[in-house]
Amino acid sequence: MRPRCVISLVSSAYTHTRKINSYFKSSVLIFTTRNMSSATKLPKVFVTRKVPEDGIKYLRNKAEVTQWNSDDAIPRGELKERVRGVDGLFCLLTDKIDAEILDCAGPSLKAVSTMSVGYDHVDVGECNKRGIPVGFTPNVLTSATAELTVTLLLTVSRRIKEGIEAVKDGSWGTWKPLWLCGQGLDGATVGVIGLGRIGFAVAQRLKPFGVAKILYADAEEKEYANQLPAEYANLDQLLEESDFVLGCCALTEENVGLMNSSAFKKMKKTAIFINTSRGGLANQDDLYQALKSGEILGAGLDVTTPEPLPTDHPLLSLDNCVILPHIASATLKSRNAMSELCARNIIEALNGNSMPAEVK
Amino acid sequence: MSARPKLYINQGIPEDGEAIKLYRKQCEITMYDEKKGGVVSVPREEFLRSVKGVDAIHLAYPAKIDNEALDAAGPQLKVIGTMSVGLDHLDLAECSRRNVKVGYTPDVLTDAVAEAAIALTLATARRHKEGMADVKNGVWGSTWSNSLYLCGKDIKGSTVGIVGLGRIGFEVAKRLKAFGINRLLYCGRTHKDYASEVDGEFVAFDDLLRQSDFVIACCSINPSNHKLFNAEAFKKMKSSAILVNVSRGILIDQDALYDALKTGELHAAGIDVTTPEPLPVDHPLLTLPNCTVLPHLGSASINARHAMANLTARNILAGLKGDPLPAPVPSQK
């Protein structure tokens with residue numbers, strides 16, 4: 001669909017010119033609502049990509065929305081241009097929001113929200129220093145993400161990828177007692193790195209599979225762990241004892257590359273590593289070596305470095321590594337809810353209220 | 001001293017397992033060696049030759065035990081142990097008529113099959129086949145679809161219909177409860193008391209079809225449910241529904257399934273069992289992005305396969321002694 005440019009009649013010369021330039025230069029969709037009765041101008045909100053309708057619908061009568069109406073992530077140069085003079089910024093995890101972007105936006109910027117629960121791409125400290133609250137989208141994506149994490153675990157543990165391939169390539173040759181046998185969850189020890197909302201939801205879903213023990217590593221003990229129950233452990237113990245190691249934590253400066261060769265060495269040779277946190281949690285070269293050499297049994301990643309992963313990446317050559325294109329929150333319900341919550345965060349902040357979901 | 005009973009095993013069982021140890025103490029074993037044989041499962045003619053004169057057969061599914069096989073073995077055959085809970089490959093009436101005891105492996109594979117059913121349901125709902133392919137083929141990153149790229153179905157809040165709330169169906173239901181499903185429906189010949197443990201609602205098959213977001217078939221096969229899932233059944237199902245089958249291929253009319261998936265009458269399907277097995281690589285179902293086919297992995301967990309081999313060994317050794325089997329087939333209980 002070719003974007004249409006709607007040029008508002010109520011606009012300053014500067015804005016008018018910018019819109020015409022934009023129409024010819026690139027695909028930018030502009031909505032402008034004329035509020036004839038109100039003396040105050042609507043706040044300007046820039047949306048960095050095509051996003052689900054629920055968020056745009058929410059913004060429609062409350063803001064002057066400009067949008068990078070593309071399937072592709074907005075290039076850095078474009079982002080720096082588009083944020084100039086905006087009041088609110090609706091961004092995605094593919095957008096790095098740092099001091100430079102905040103400088104480009106200027107003093108008008110009063111609210112930033114990302115359509116994700118991860119916020120490692122936003123310099124929250126820098127935003128807060130400038131009095132800009134940062135919103136995110138926890139809770140509304142928890143069940144979809146937990147479901148995908150369990151799905152990925154089972155796809156690896158029960159060798160679903162190899163199974164699908166064997167059917168397609170004809171190596172399936174009637175039932176054989178030991179062929180493509182996988183690790184069961186019954187009697188297993190599951191180790192959750194980061195027992196936050198998502199980690200807890202994953203552990204809840206794994207319990208009825210007959211899991212014998214749930215361990216978790218976290219910055220601090222969580223009271224709600226008793227509901228599972230899950231046992232607080234230091235990372236080394238978790239790595240040594242777990243049959244399934246799950247990366248469910250937020251990515252911070254402290255835990256980049258946490259899952260490296262020394263971590264994989266500590267794991268059981270029959271253990272499986274699942275990562276739905278951020279690609280940066282795992283050292284991918286070390287992971288490749290560990291999988292290739294049999295130091296660990298298998299791995300499943302929904303997140304990689306970079307995203308997308310180049311098609312010639314060595315991890316893609318391994319039977320015992322499953323990689324998904326970052327679809328943890330990919331359900332209609334979840335994505336629409338994320339879009340709306342992100343929009344809501346921005347509008348509430350611009351109205352001087354607290355965000356429904358602010359990164360603290 | 002009487003000679004040791006002759007045992008034939010038609011596919012390799014774990015060398016480090018209990019079963020082979022037990023057998024070595026008590027039987028004269030012939031085991032099909034697929035490395036030597038060159039094909040994955042023993043060809044029929046060799047199978048018929050190999051069972052001649054044996055007292056017991058340790059049987060890997062789906063080798064057929066029919067009149068031909070029983071004749072080939074001879075009247076001295078005392079016991080067959082099948083490593084399966086499905087019995088559709090055995091002529092049980094004929095076995096009983098010839099006084100051949102038959103054991104099978106219920107319970108020890110229940111967790112594995114329930115887990116596989118959930119794995120298949122989730123992988124189909126969340127489009128793993130497409131996702132993995134997109135990563136390999138470089139499609140990842142080329143399309144975003146309004147941030148709706150590869151969106152799948154939520155399990156939370158859905159209505160799940162289990163066709164056959166037996167051991168396996170019940171364990172599937174138990175696991176799905178933790179996902180926050182809205183309703184658990186089941187159908188079958190009779191209402192089950194234990195269904196209340198999973199908040200199961202007993203409904204007619206047609207009602208289950210009409211109301212379910214996920215239909216998971218876990219039932220055993222009998223002459224009355226061949227092609228239970230036919231064109232009419234797919235018409236009754238929601239067009240947004242997903243069908244999962246871990247029962248037997250014959251439960252589904254595969255041509256009708258193809259049509260339903262192709263036209264969007266059915267949203268997606270995940271099948272672990274087909275007709276035949278293996279499914280030919282050029283089968284139309286394999287061309288559909290919304291059909292996930294697995295090579296009968298239901299009980300393919302290390303624990304389950306060991307347990308199945310061990311229980312089969314115990315069934316066979318009991319049968320050879322003339323003792324009651326630990327797990328006789330229901331018709332011989």
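In which order do the strands of the open sheet of 5 strands in chain B run? The legends below take that sheet and then other close-ups of this predicted model.

The model is predicted, with pLDDT of at least 70 needed for local features and 80 or more for side-chain atom pairs, while totals for chains, interfaces and linings use all residues; side-chain values use heavy atoms, without hydrogens and water. Residues are numbered from 1 along each chain as its sequence is written, and chains are lettered from A and ligands numbered from 1 in the order in which they are written.

**View 1. The open sheet of 5 strands in chain B.** The order is E2-E1-E3-E4-E5, and the pairing is parallel. Strands (E, at least two residues) and helices (H or I, at least four) are DSSP runs, numbered from the N terminus. Two strands pair if DSSP finds at least two bridges between them. Strand E2 (28-31) and strand E5 (101-103) of chain B stand at the edges; each has a single partner strand, so one side of each lacks a neighbour in the sheet. On average, neighbouring strands are turned by 15° against each other, direction ignored. Angles run from 0 to 180 degrees between N-to-C directions, and axes are lines fitted to C-alpha atoms, for helices over the stretch in contact.

View 2. Strand E3 (residues 56-59) and strand E4 (residues 79-82) of chain B pair in the parallel sense over 4 bridges. Leu59(B) has Thr82(B) in E4(B) as its bridge partner. Helix H1 (residues 18-26) of chain B packs on the sheet and touches strand E1 (6-9), E2 and E3 of chain B. The direction of H1(B) makes about 135° with that of E2(B). Contact means heavy atoms within 4.5 Å. Helix H12 (residues 302-321) of chain B lies across E1, E3, E4 and E5 of chain B. H12(B) runs at about 170° to E4(B).

**View 3. H1(B) against H12(B).** Two packed helices are described by the angle between their axes and the distance between the axes. Here the angle is about 25°, and the axes of H1(B) and H12(B) are 8 Å apart. H1(B) is therefore roughly parallel to H12(B). Angles under 35 degrees count as roughly parallel, over 145 as roughly antiparallel, 65 to 115 as roughly perpendicular and the rest as oblique. H1(B) contributes Glu18(B), Ala19(B), Leu22(B), Tyr23(B) and Gln26(B) to the contact. Residues from H12(B) include Ala309(B), Ala313(B), Ile316(B) and Leu317(B). By class, the contact of H1(B) with H12(B) has 7 nonpolar, 3 polar and 3 charged residues. Ala, Val, Leu, Ile, Met, Phe, Trp, Tyr, Cys and Pro count as nonpolar, Asp, Glu, Lys and Arg as charged, and the others, Gly among them, as polar.

**View 4. The open sheet of 7 strands in chain B.** The strands follow the order E8-E7-E6-E9-E10-E11-E12 with parallel pairing. Strand E8 (200-202) and strand E12 (291-293) of chain B are the edge strands, and each pairs on one side only. The twist averages 20° from one strand to the next. Strand E10 (residues 242-245) and strand E11 (residues 268-271) of chain B run parallel and are joined by 4 bridges. Ile242(B) stands opposite Ala268(B) in E11(B).

**View 5. Two cis peptide bonds in one loop of chain B.** Most peptide bonds are trans. Thr275(B) and Pro276(B) are joined by a cis bond with omega about -10°. Pro276(B) lies in the loop between E11 and E12 of chain B. The bond from Glu277(B) to Pro278(B) is cis, with omega near 0°. Pro278(B) is found in the loop between E11 and E12 of chain B.

**View 6. H2(A) against H12(A).** Helix H2 (residues 53-60) and helix H12 (residues 332-350) of chain A pack at about 25°, their axes 6 Å apart. H2(A) is thus roughly parallel to H12(A). Residues of H2(A) in the contact include Ile56(A), Tyr58(A) and Leu59(A). Among those in H12(A) are Ala343(A), Arg344(A) and Ile347(A). The contact of H2(A) with H12(A) divides into 5 nonpolar, 3 polar and 5 charged residues.

**View 7. H6(A) against H6(B).** The axes of H6(A) and helix H6 (residues 110-125) of chain B come within 9 Å and cross at roughly 120°. H6(A) and H6(B) are therefore oblique to each other. Val150(A), Thr151(A), Leu154(A) and Thr155(A) in H6(A) meet Glu115(B), Ile118(B), Ala119(B), Leu122(B) and Ala123(B) in H6(B). The contact of H6(A) with H6(B) has 6 nonpolar, 2 polar and 1 charged residues.
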